[in-house]
Amino acid sequence: MKTIYMDNNATTQVAPEVLEAMLPYFSDLYGNPSSAHTFGGQVAHRIRDAREQVAHLLGASPEEIIFTSCGTESDSTAIRSALDTGDGKAHIVMSRVEHAAVKVLCGHLSKRGYRVTEIPVDKEGRLDMDRYRESLTPDTAIVSLMWANNETGVIFPVEQAAQMAKKRGILFHTDAVQSAGKIPIDLKNSAIDMLSISGHKLHAPKGIGVLYLRKGTRYAPFLIGGHQERGRRGGTENVASIIGLGKACELATAKMVEENTKVKKLRDRLEKEILARVPNSRVNGGGSERLPNTSNISFESVEGEAILLLMDEFGICASSGSACTSGSLQPSHVLRAMGVPFTMAHGSIRFSLSRYNAEQEIDEVVDKIPPIIEQLRSFSPFWKPEGQVCASGT
Amino acid sequence: MWEYTDKVKEHFLAPRNAGEVEDANAVGEVGSMACGDALKLTLKVDEKGKIEDAKFQTFGCASAIASASALTEMIKGKSVEEAEKITNQEIADYLGGLPKEKMHCSVLGRQALEAALSNFRGVPLKEKEGEIVCECFGVTDLEIEKAIRENNLSSVEEVTNYTKAGGGCESCHDTIREIIARVREEELPVVRPKLSNIQKIRKIEETIEREIRPSLQHDGGDIELIDVIGNRVLVAMRGACAVCKASEQTMKNFVEIKLQELVLPELVVEEVTE
């Protein structure tokens with residue numbers, strides 16, 4: 001059975017060009033970039049190139065790029081650094097819909113004496129800017145807001161938010177794991193101090209991330225050790241993955257237009273046809289500015305895990321914000337923050353495309369989804385054929 | 001991704017008895033949309049009290065659908081009395097087991113069956129009696145106690161897996177812990193055989209010989225039982241133990257614990273220096 005992969009916000013295929021660029025570093029070019037000899041030194045040169053490729057995608061300077069092991073490490077480093085260097089300031093601002101890498105960390109910090117404010121979002125997933133403005137205090141050490149939401153693709157006005165923080169002398173970090181490579185980022189002309197990305201979300205391998213640190217930003221390293229990354233992140237470089245990420249960023253820069261035309265067109269068609277063919281379905285965050293590849297669709301009165309497993313029978317890969325798939329017992333915190341009713345939240349499916357998806361895959365998915373939903377609704381106690389949900393379900 | 005058995009997959013992909021029995025005379029509805037799973041069971045019971053037909057409607061994940069399907073297969077053809085005895089564990093067993101986090105699906109099946117049979121008898125189900133412990137999922141102390149008893153649960157995590165209680169904001173975890181402790185205490189009355197003095201001393205000697213001395217000798221040490229006064233066990237450390245700085249630790253953390261565990265919890269070990 002052919003796999004139809006529409007779960008690219010979870011992880012992406014390593015681009016063939018990326019893999020090819022990496023392979024020599026597992027065999028011939030195994031030197032340590034810190035070594036004095038030419039054999040190791042040549043690797044350092046290639047890392048320098050990769051750093052430039054990453055910087056180019058982000059509109060940053062190469063020396064502002066710190067390689068880490070993943071998005072979570074970058075997020076953690078940024079937030080902890082701001083607190084460690086913040087002259088005792090003990091207040092953190094984030095949104096209610098952050099990724100676990102930020103949300104759980106801040107929850108942990110709140111038990112250790114830090115005060116955390118979670119900015120709410122509206123029903124379309126948009127940040128409450130008034131509440132955000134009010135939340136900034138003289139005690140605020142850092143603001144951490146995701147650039148784009150991993151579940152809905154909704155984009156936050158991070159630049160505007162960063163300006164507001166800057167005016168008050170507050171450090172601003174953004175988790176740009178989902179937006180890097182999908183929408184243009186230009187940090188040269190920005191008030192953002194720190195930004196996190198993750199390789200495997202843009203066709204590089206897993207296990208490599210980046211923390212962008214604006215020149216002149218006060219900083220305390222998280223991993224302390226050797227002089228690697230100019231003392232900002234100890235540990236021998238993950239050479240092959242750094243080379244791979246460099247290549248992936250180069251590709252992303254070149255394919256940015258495609259991402260926002262071809263991929264967006266596929267996404268829009270997928271969305272439009274599913275909504276047309278399945279009654280009582282809706283797009284979560286559909287009224288907001290969104291990533292071009294993400295669509296979060298809710299199907300009333302059915303449960304997400306059941307939908308996913310029936311899709312799995314056809315090789316279709318996606319995600320769900322339902323309780324049962326998350327391993328917790330409550331549906332996605334993002335959909336709950338948006339006030340998506342339970343009738344819809346439990347039956348949400350996230351499709352996230354990439355430039356490797358094709359028209360015929362969209363055809364296949366829009367053909368398969370309606371009978372799946374119909375089958376599950378046929379024995380759902382909340383589904384009324386005339387399309388009305390009974391009172392107990394709302 | 002959950003690890004489901006082939007049987008779960010089979011019942012999920014091709015559910016048996018999905019739908020509603022038209023002339024049902026027993027209906028049980030449990031769960032809610034907010035909780036993430038719900039089950040409506042409709043049964044037709046004949047004059048002799050035999051379950052002639054059973055159908056289900058489920059909103060829920062694969063294991064909730066499979067559990068409901070399995071339940072209807074299990075009860076069809078059974079008498080009301082027989083059906084009543086089916087436990088949630090038996091539903092899970094019928095499916096070759098469920099992931100532990102999904103046991104609540106089998107509990108939901110059992111609850112729906114109970115509700116349907118009460119409905120059949122015209123006895124209103126004593127609904128939601130007791131105090132709500134978990135506000136997030138509306139689970140009462142009585143439901144939690146029942147799950148603990150029937151499934152021999154001993155941790156908050158297990159209680160959550162079976163009842164969902166504690167799976168939301170987690171603020172009820174302390175209460176759940178207290179309920180577990182209370183039920184365990186009722187269930188396992190500590191039966192302490194009354195030991196005569198001579199039995200006690202003999203048992204202490206045996207335990208030292210079998211459980212304690214070999215370990216100490218292994219490290220070049222030894223232990224000698226000097227006397228037993230009430231619950232005070234007087235010992236002397238020998239060999240390497242006699243000069244070891246950690247011997248007090250050894251005594252309290254090893255010798256005393258072993259003796260408390262295997263002879264009598266009240267025992268206190270004291271070292272006698274000569």
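## Salt bridges and a buried strand residue

Modeller: In chain A, Glu359(A) and Arg269(A) join their side chains in a salt bridge, 2.8 Å from N to O. The term means a side-chain nitrogen of Lys or Arg within 4 Å of a carboxyl oxygen of Asp or Glu. This is a predicted model, where local features need pLDDT of at least 70, side-chain atom pairs count only at pLDDT 80 or more, and totals for chains, interfaces and linings use all residues. Residues are numbered from 1 along each chain as its sequence is written, chains are lettered from A and ligands numbered from 1 in the order written, and side-chain values use heavy atoms, without hydrogens and water.

Colleague: How many residues apart in sequence are the parts that Glu359(A) and Arg269(A) tie together?

Modeller: Helices here are DSSP runs (H or I, at least four residues), as are strands (E, at least two), numbered from the N terminus. Glu359(A) lies in helix H12 (residues 359-378) of chain A, and Arg269(A) in helix H7 of chain A. The pair therefore ties together parts separated in sequence by 90 residues.

Colleague: Which residues form one network with Arg269(A) through salt bridges that share partners?

Modeller: Glu359(A) belongs to this network. Shared partners join Arg269(A) and Glu359(A) with Glu273(A), Arg277(A), Asp363(A) and Asp367(A).

Colleague: What separates Asp268(A) and Lys264(A) in helix H7?

Modeller: Asp268(A) forms a salt bridge with Lys264(A), the closest N and O atoms being 3.2 Å apart. Both residues sit in helix H7 (residues 239-277) of chain A, 4 residues apart. Their separation is therefore about one helical turn.

Colleague: Is Asp268(A) buried or partly exposed?

Modeller: Buried means under 20% relative accessible area, exposed over 50%, and partly exposed in between (1.4 Å probe, protein chains only). Asp268(A) has a relative accessible area of 29%, so Asp268(A) is partly exposed.

Colleague: Which helices hold Glu186(B) and Arg149(B)?

Modeller: These two residues form a salt bridge in chain B, with closest N and O atoms 2.8 Å apart. The pair ties together parts 37 residues apart in sequence, because Glu186(B) lies in helix H8 (residues 173-187) and Arg149(B) in helix H6 (residues 141-151).

Colleague: How many salt bridges are there over all chains?

Modeller: The rule is the nitrogen-to-oxygen cut-off already given. Over all chains, the count comes to 40.

Colleague: What is the relative accessible area of Ile119(A)?

Modeller: Ile119(A) is found in strand E4 (residues 115-119) of chain A. Beyond four places in sequence, its contacts (heavy atoms within 4.5 Å) include Val93(A), Leu127(A) and Tyr132(A). Ile119(A) is buried, with a relative accessible area of 1%.
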